[in-house]
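Colleague: I have just opened this structure and would like to learn how to read it. Could you take me through a few features?

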Amino acid sequence: RKTLNLHFMKKKLELENDTRELNKMSCILAIETDLDPPSTITDITGIKATDILIKGSQWYTASTKKAIPGKVHEYNLWKLEPEVLYGNDNTFLNHAVERIIKILDTKEKEFKEIFNKYPKSNLRCYAYYYEVNPYFHFTKEILSKLASYNLGIDFDIYCLARDEKESDVKW
């Protein structure tokens, strides 16, 4: 009986660890730079972009990185994405937003000027959850900070079912 309980506890822990690797979330700071090259943002802030898109450059799929024939980027874009968060301990999407705010605060004056010059700037938050319900809570302070930067915020939240093989395990 003790061996059986240890087996089930081990299996449960394995599934929980698998889930921690599956659940992921982050926010991307996206700044459309109109006709200016995206490197303009790095020049002003000293912060290197995670990715840049150049108007007229080839569009690739996110998952396979294969070119989409005939599809090109319609604008210049500077993107900054801090480390992606994984696991059930990080299910609060506001953590990802707070990390971006901390980065903005290091160059507050510069970013406020950038957002005034390039009004098509926003935060693009995403999350993929397999086992937990996503949750976010923005304090008045967070909302005030976002408002002071004049930033919009978008959310793409996906609550995905685990595959049937894993869901057949009963506890």
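This is a predicted model: local features need pLDDT of at least 70, side-chain atom pairs count only at pLDDT 80 or more; totals for chains, interfaces and linings use all residues.

Colleague: What share of the residues in the protein is buried?

Modeller: Of the 171 residues, 31% are buried. Buried means under 20% relative accessible area, exposed over 50%, and partly exposed in between, using a 1.4 Å probe and protein chains only. For contacts, meaning heavy atoms within 4.5 Å, residues 24 or more positions apart account for 78% of those with a separation of 6 or more.

Colleague: Which residues of helix 4 are buried?

Modeller: First, the general idea: an α-helix has 3.6 residues a turn, so residues three or four places apart point the same way. In helix 4 (residues 108-117), the buried ones are Phe111, Ile114 and Phe115. They lie on the same side of helix 4 because they cover an arc of only 95 degrees around the axis; the arc is that of the directions from the helix axis to the C-beta atoms. Lys109, Asn116 and Lys117 are exposed on the other side. The buried residues of helix 4 pack against several elements, among them strand 1 (24-32), helix 2 (39-45) and strand 7 (121-129).

Colleague: At what angle do helix 3 and helix 4 pack?

Modeller: Two packed helices are described by the angle between their axes and the distance between the axes. For helix 3 and helix 4 the angle is about 100 degrees and the axes are 5 Å apart. Axes are lines fitted to C-alpha atoms, for helices over the stretch in contact, and angles run from 0 to 180 degrees between N-to-C directions. Helix 3 and helix 4 are therefore roughly perpendicular; angles under 35 degrees count as roughly parallel, over 145 as roughly antiparallel, 65 to 115 as roughly perpendicular and the rest as oblique. Ile103, Leu104, Asp105 and Thr106 of helix 3 meet Glu108, Phe111 and Phe115 of helix 4.

Colleague: And how do helix 4 and helix 5 pack?

Modeller: Their angle is about 60 degrees, with the axes 9 Å apart, and helix 4 and helix 5 are therefore oblique. Here Glu108, Phe111, Lys112 and Phe115 of helix 4 touch Lys145, Ser148 and Tyr149 of helix 5.

Colleague: Which residues touch the most other members of the largest nonpolar core?

Modeller: In soluble globular proteins, nonpolar side chains tend to be buried together. A nonpolar core is a set of buried Ala, Val, Leu, Ile, Met, Phe, Trp, Tyr and Cys residues joined through side-chain atoms within 4.5 Å. The largest one has 24 residues, and Leu29, Ile31, Trp78, Val97, Leu104, Phe111 and Phe115 touch the most other members. Helix 3 supplies its largest share, five residues.

Colleague: Is His73 buried or exposed?

Modeller: His73 is buried, at a relative accessible area of 9%. His73 sits in the loop between strand 4 (67-72) and strand 5 (77-80). Not counting residues up to four places away in sequence, its contacts include Leu53, Gln58 and Trp59.

Notes:
Residues are numbered from 1 along each chain as its sequence is written. Side-chain values use heavy atoms; hydrogens and water are left out. Helices (H or I, at least four residues) and strands (E, at least two) are DSSP runs, numbered from the N terminus.
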